[in-house]
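Please open the model in your viewer and keep the selection panel at hand. The tour below moves from one selection to the next and says what is found at each stop.

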Amino acid sequence: MARGIASTRPSTASDSPEGGNWWIRLLVWRERHIPDKTFVILLALIVGIAAGLAAVLLKTLIGLIAGFLTSRFDIERDNLLYLVFPAIGILLASLYVYYIAREPISHGVTRVLYALALKKSRLKIHNMYSSLIASSVTIGFGGSVGAEGPIVFTGAAIGSNLGQAFRLTPQKLAMLVACGAAAGIAGIFKAPIAGMLFTIEVLMMDLTAGAAIPLITASVAGATVAYVFTGYNVEFFFSQSEPFFASRIPFVLLLGVFCGFVSLYFITLIDSVERGFKRLRNRWVRWAVGGITLSLLIYLMPPLYGEGYEGISRLINGDVTGIFNNSLFYAYRNNTVAVLMFIFALGAFKVFATAATNGGGGVGGTFAPSLFVGVMAGVFFAYLFNNLGFIDPDTPLSIKNFALMGMAGVMAGVMHAPLMAIFLAAEMTGGYDLFLPLLIVSASSYGVCRIFTPYGIYSRRLAKRGELLTHQKDRSVLTLLKMDSVIEKDFSIVHPDMSLKDMVDIIAQSHRNLFPVTDDEGLLLGVVQLDDIRNIMFRPDLYRRMNVNRFMATPPAKVVVGTPMEKVMRTFDDTGAWNLPVIDEDGKYVGFVSKSKIFNSYRQVLKHYTYD
């Protein structure tokens, strides 16, 4: 790997003025005196601290806005302002995105995955703050989304821009992006282990020996900053008043299966509803539909307001009736059927509220909504079984325990990240005594969900476009390879009416043994291989009597420009060919792709993007 600063970025006019010379001198000094791996760890610490501060700032802004707007609400009755605040919030966020950010910034985790896959881990400067502003307004005013997606985007952008400033290579830049994302999760949840696991399972970074230290450093730094500024308490207070017995394991397995199907519902519905919003071309119409939908849902079910953390906190501490506060249904809070129906509705319609928030122009993630839906799933499951007569009334299923397990189960299925779900649920609540049931629920939910969809909610969009990096190195490198970079065009073109003599003359001047045959308009008609005509090319008596159309052959397959490289390699495997012609969408000849060229490019990309 080249170590010279000049080799990573050519000199520009901006480097030459006196104001820029000090920075160039600093870069040169750093490279001479600080080893690369040590420097990356140092930068990971800085990124972790910055991302932790960003997480604290985001949570503070959301709390201040939401507190200012809802502090005077009456918990015993409905509040009409629920019909106003959420729509205003997504309107303000959408105006900020359209007129100031001027590019979409929602779905932050997906955008980080895209940057890692196809943008050499480069994120823009405004991404370090734009998501903070837009999401704090969206969530503070009641948008039913989470702050975790925006903080991941913010942390990743901090890592990316710091790495770009120091002219780091793409693999080191990717490492800092991952460190920023990990620190963001660690800071917002006070969960350093979950932050590191997030980058491994969701961002699909390989945990090599060289990568572990920067990730741990950033995660611990992010969580430490959060502890310093917000105290050493966990995100959700949880006290396990009921012990977990082995006799409950069958119910835990059933909960895991149930959470797997809930996760599938979550992923599928979010995708479908947001695609429906995209079909609304006019952004004002999108805002109107999203704002009205969101406001009505929150008015009917106030726990859908914002991230929903208040409802989560109540349920994991056994306060089921508290979720009726501020609602039309407050008088029914002690009715068993009403409780079941309300919990079911909260879990089912949280997905619609989240999709309406993002589809209408708001900015937020799906991390917190998956936690919310998971808690509702766990409480609904335990409450239902306790009241169906299957459970001994003297030893009912613990609402608190199953709420926590449901949180982990749905998170594991929605994100396809069972390890992160287990540790995040434990770190957020201090519920380490439930580690075994958390593991069972997360693993079974993930297994059920993966049967029906191989991708989590964040990777699903990129996977559909063939732009997703995965833990499978072959597939990831092929994703990074693009058709344009491997097409070879130095082949001599022949035409079907050419004589054998003309063909021999072209062969004499070419260094290839393969020749595309096209018509006058450039349409590919076939190919001529040197081995196929070797027995006649030295017979002068056939030079004028035989034309190219007599001995040209149909290629074993054709590749259309823009075909994903993984599909190209499958075509090579299916046909056994070593070279395949490339055509455009109109069938016109463009060039050839060869296995040897792809293999050479594969080795270069693999070396370029592997952090060790």
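In which kind of crossing, left-handed or right-handed, does H3 pass H8? The crossing is right-handed, a term used when the near helix is turned clockwise from the far one by less than a right angle, anticlockwise being left-handed. Before going further, note that this is a predicted model, in which local features need pLDDT of at least 70 and side-chain atom pairs count only at pLDDT 80 or more, while totals for chains, interfaces and linings use all residues. Residues are numbered from 1 along each chain as its sequence is written, and side-chain values use heavy atoms, with hydrogens and water left out.

**First selection: H3 and H8**

Select residues 36–70 for helix H3 and residues 170–189 for helix H8, which pack at an angle of about 35° with their axes 8 Å apart. Helices here are DSSP runs (H or I, at least four residues), numbered from the N terminus, and the axes are lines fitted to C-alpha atoms over the stretch in contact, with angles running from 0 to 180 degrees between N-to-C directions.

**Next: Thr354**

Move to helix H14, residues 336–359, where Thr354 is placed. Thr354 counts as buried because its relative accessibility is 0%, the cut-offs being under 20% relative accessible area for buried, over 50% for exposed and partly exposed in between (1.4 Å probe, protein chains only). The side chain of Thr354 reaches the backbone oxygen of Ser144 at 2.8 Å. Val145 lies 209 residues away along the chain, yet its C-alpha atom is 5.3 Å from that of Thr354. Not counting residues up to four places away in sequence, Thr354 also touches Ile270, Gly365, Thr366 and Pro369, among others.

**Then: the nonpolar core**

Select Phe189, Phe198, Phe367 and Met420, the residues with the most contacts inside the largest nonpolar core, which has 140 residues. Such a core is a set of buried Ala, Val, Leu, Ile, Met, Phe, Trp, Tyr and Cys residues joined through side-chain atoms within 4.5 Å. Helix H15, residues 367–387, gives the most to this core, with 14 residues.

Finish in helix H18, residues 435–452, where Ser442 is found. Ser442 is buried, with a relative accessible area of 0%, and, leaving aside neighbours within four places in sequence, its contacts include Ala408, Gly409 and Pro418.

Key: Helices (H or I, at least four residues) and strands (E, at least two) are DSSP runs, numbered from the N terminus. Contact means heavy atoms within 4.5 Å. A polar contact is a pair of N or O atoms within 3.5 Å; within protein, one must be able to donate a hydrogen and the other to accept it, and residues adjacent in sequence count only if both atoms are side-chain atoms.
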